[in-house]
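Subject: Structure handover

Hello,

Here is the structure I said I would pass on.

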Amino acid sequence: MQVARALHIEPKNVRITITARYSREGSVIAGNARTLCDSIKTELSLDSDEPPGRVAQLIKMAEATCFTLTALRNPSPVALEAIVNGQSFDLEKAGSAGPG
């Protein structure tokens, strides 16, 4: 843990469990299917001889500097570039051509 090293804290038996709950709605056949992220729960377990204030600082800073949590809480632009048969693929143009 980079944050623990920076704070000169040596936690023991660190375990992190992340549980995500997803749901789907719509229809793939109708073309309106989508997946939703309903919740994400992070559970942190550790042993430490540090005072509670130092442990709290460690946990808060670890959460604040987590790349994944930051991306989820502060969405960034996301782009899809499709390459089909080695060529750039225009989804909009191909989608308007219909099946087949």
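Predicted model: local features only at pLDDT ≥ 70, side-chain atom pairs only at ≥ 80, totals over all residues.

Residues are numbered from 1 along each chain as its sequence is written, and side-chain values use heavy atoms, with hydrogens and water left out.

Largest pocket

The volume of the largest pocket is about 520 Å³. Its lining has 19 residues, of which I16, A62, E63, C66 and L69 are the closest to the centre. Two or more lining residues come from each of α1 (2-7), β1, β2, α2 and α3. Helix α3 gives the largest share, five residues. By type, the lining splits into 12 nonpolar, four polar and three charged residues. On terms: a pocket is an open set of points on a 1 Å grid over the protein atoms alone, where a 1.4 Å probe fits, with protein on both sides within 12 Å along at least five of seven lines; lining residues have an atom within 4 Å of a point. The volume is the space filled by probe spheres set on the points, which are joined across faces, edges and corners. Ala, Val, Leu, Ile, Met, Phe, Trp, Tyr, Cys and Pro count as nonpolar, Asp, Glu, Lys and Arg as charged, and the others, Gly among them, as polar. Helices (H or I, at least four residues) and strands (E, at least two) are DSSP runs, numbered from the N terminus.

Nonpolar patch

M1, V14, I16, I18, I40, L44, I59 and L72 make a nonpolar surface patch of about 670 Å². A patch takes residues with over 30% relative accessible area and no salt bridge; nonpolar side chains (Val, Leu, Ile, Met, Phe, Trp, Tyr) are joined within 5 Å, like charges within 9 Å. At least two patch residues come from each of β1 (12-25) and β2 (34-47), and β1 has the largest share, three residues. I59 sits in helix α2 (residues 52-64) and is partly exposed, at 35% relative accessibility. Buried here means under 20% relative accessible area, exposed over 50%, and partly exposed in between (1.4 Å probe, protein chains only).

Salt bridges

There are five salt bridges in the structure, each a side-chain nitrogen of Lys or Arg within 4 Å of a carboxyl oxygen of Asp or Glu. One of them joins R73 to E63, with the closest N and O atoms 2.8 Å apart. R73 is in helix α3 (residues 67-73) and E63 in helix α2, so this pair ties together parts that are 10 residues apart in sequence. R73 is exposed at 52% relative accessibility, whereas E63 is partly exposed at 38%. E63 is also among the residues closest to the centre of the largest pocket.

Another salt bridge links R34 and E25 (2.6 Å, N to O). R34 is partly exposed at 47% relative accessibility, and E25 is partly exposed at 37%. In the salt bridge between E50 and R54, the closest N and O atoms are 3.4 Å apart. E50 is partly exposed at 28%, and R54 is partly exposed at 25%.

Regards

Technical notes:
Areas by Shrake-Rupley, 256 points an atom, 1.4 Å probe, with all protein chains shown as cover.
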